[in-house]
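Please open the model in your viewer and keep the selection panel at hand.

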Amino acid sequence: MPVAPDPAEIFDRAVEEGDRRLDQSLLELASTSFIAGFTIVFGIAALGVVDALVEPQFGDVAHIAGALAFGVGVVFLVVGRTELFNENFFDPAAKAVDQSGSWLLAPLIRLWVVTLVFNLVGGFLFALVFAVDGVLPTGTAHALGRTAEEIVHRPTKAVFASAIVGGALVSLLSFLLEGVNTVGSRISLAYLVGFLLALGPFDHVVVTAIHVYFGMLFDPVIGYQTLVETIVVATAGNFVGGLGLVTFTHVTQVRGARKSGDADES
């Protein structure tokens, strides 16, 4: 039986993966981010379809069923090795810490800005395809519009707090993926995190923004100002949860372990 790696080994794996991500050309980064944006729409559309099919017969159980369907979208992202905002917090940050050089700040900002922008562009464009009349089953538009209304009618502090949880959850996925050695384990982790993300539902800026955009397409009451405000608040929460909680604490854990090891050797 393979032995699970310790936190230091996970960190070393993350440094290697972070180096790969930071070393992407602009064209490669934009392309993989665009692919991630439209890929996650499959999960959102599946959530809407299942919700619409299950809700008339089973009521609130439809929310659980929809979350189970959404998990497939995260599996597509992980298996396809695409670039999703927030999921790419831990690995590049680990590389930056390991490098111990301030020069990595610019590549980090480049990575996160390009990823977020092209995630949203890819997601919004593919949402337009799904919104064409007749593509989605009857009732799906209503289900997706209802989800969007629930998102935008929450208080700002609720969206921010939910985004902290969502950011922590998705960044935790990045950390956990470095701790497993098989494709099956990666698929299982991705599916579970996708399920939990939708079950909350907890806000991930790209997923939440695409939900709201679907609402704009199916419910003209939601406007662009609301969409922009949601993106800003969710992004801030994702940074706090993804970088402030998960990434910072795991990096601190490894650095503390290394100092303890150095002290024991001396």
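Helices here are DSSP runs of H or I with at least four residues, numbered from the N terminus, and the expected span of a helix is 1.5 Å times one less than its number of residues. The model is predicted, so that local features need pLDDT of at least 70 and side-chain atom pairs count only at pLDDT 80 or more, whereas totals for chains, interfaces and linings use all residues. Residues are numbered from 1 along each chain as its sequence is written, and side-chain values use heavy atoms, with hydrogens and water left out.

**Stop 1: helix 1**

Select residues 7-22, which form helix 1. The 16 residues reach 22 Å from the first C-alpha to the last, close to the expected 22 Å. Now colour the buried positions (under 20% relative accessible area, with a 1.4 Å probe and protein chains only). In helix 1 these are Ile10, Phe11, Ala14, Val15, Glu17, Gly18, Arg21 and Leu22.

**Stop 2: helix 8**

Move to residues 183-199, helix 8. Its end C-alpha atoms are 24 Å apart, which agrees with the 24 Å that 17 residues should span at 1.5 Å a residue. Leu189, Ala190, Val193, Gly194, Phe195, Leu197 and Ala198 are buried in this helix.

**Stop 3**

Two packed helices are described by the angle between their axes and the distance between the axes. Axes are lines fitted to C-alpha atoms, for helices over the stretch in contact, and angles run from 0 to 180 degrees between N-to-C directions.

Show helix 2 (residues 26-58) with helix 5 (residues 105-130); they pack at an angle of about 45°, with their axes 7 Å apart. Helix 2 is therefore oblique to helix 5, since angles under 35 degrees count as roughly parallel, over 145 as roughly antiparallel, 65 to 115 as roughly perpendicular and the rest as oblique.

On the helix 2 side, select Ile44, Gly48, Val49, Asp51, Ala52 and Glu55; they meet Thr140, Ala143, Leu144 and Arg146 in helix 6.

**Stop 4: helix 5 with helix 9**

Select helix 9 (residues 205-218) together with helix 5: the axes come within 10 Å and cross at roughly 35°. Helix 5 contributes Leu116, Asn119, Leu120, Gly123, Phe124, Ala127, Leu128 and Phe130, and helix 9 contributes Val205, Val206, Ala209, Ile210, Tyr213, Phe214 and Leu217.

**Stop 5: two side chains**

Centre on phenylalanine 214, which lies in helix 9. Is this residue buried or exposed? Phenylalanine 214 is buried, with a relative accessible area of 0%. Leaving aside residues up to four places away in sequence, it touches Val41, Ile44, Ala127, Phe130 and Leu144. The C-alpha atoms of phenylalanine 214 and leucine 144 are separated by 6.6 Å, although the two residues are 70 residues apart along the chain.

Finish at threonine 230 in helix 10 (residues 224-265). Threonine 230 is buried, with a relative accessible area of 10%. Beyond residues up to four places away in sequence, threonine 230 touches Ile151, Val152, Thr208 and Val212.

Note on methods: Helix = DSSP H or I, 4+ residues; strand = E, 2+ residues; numbered from the N terminus. Buried < 20%, exposed > 50% of the residue type's maximum accessible area, 1.4 Å probe, protein only. Contact = heavy atoms within 4.5 Å.
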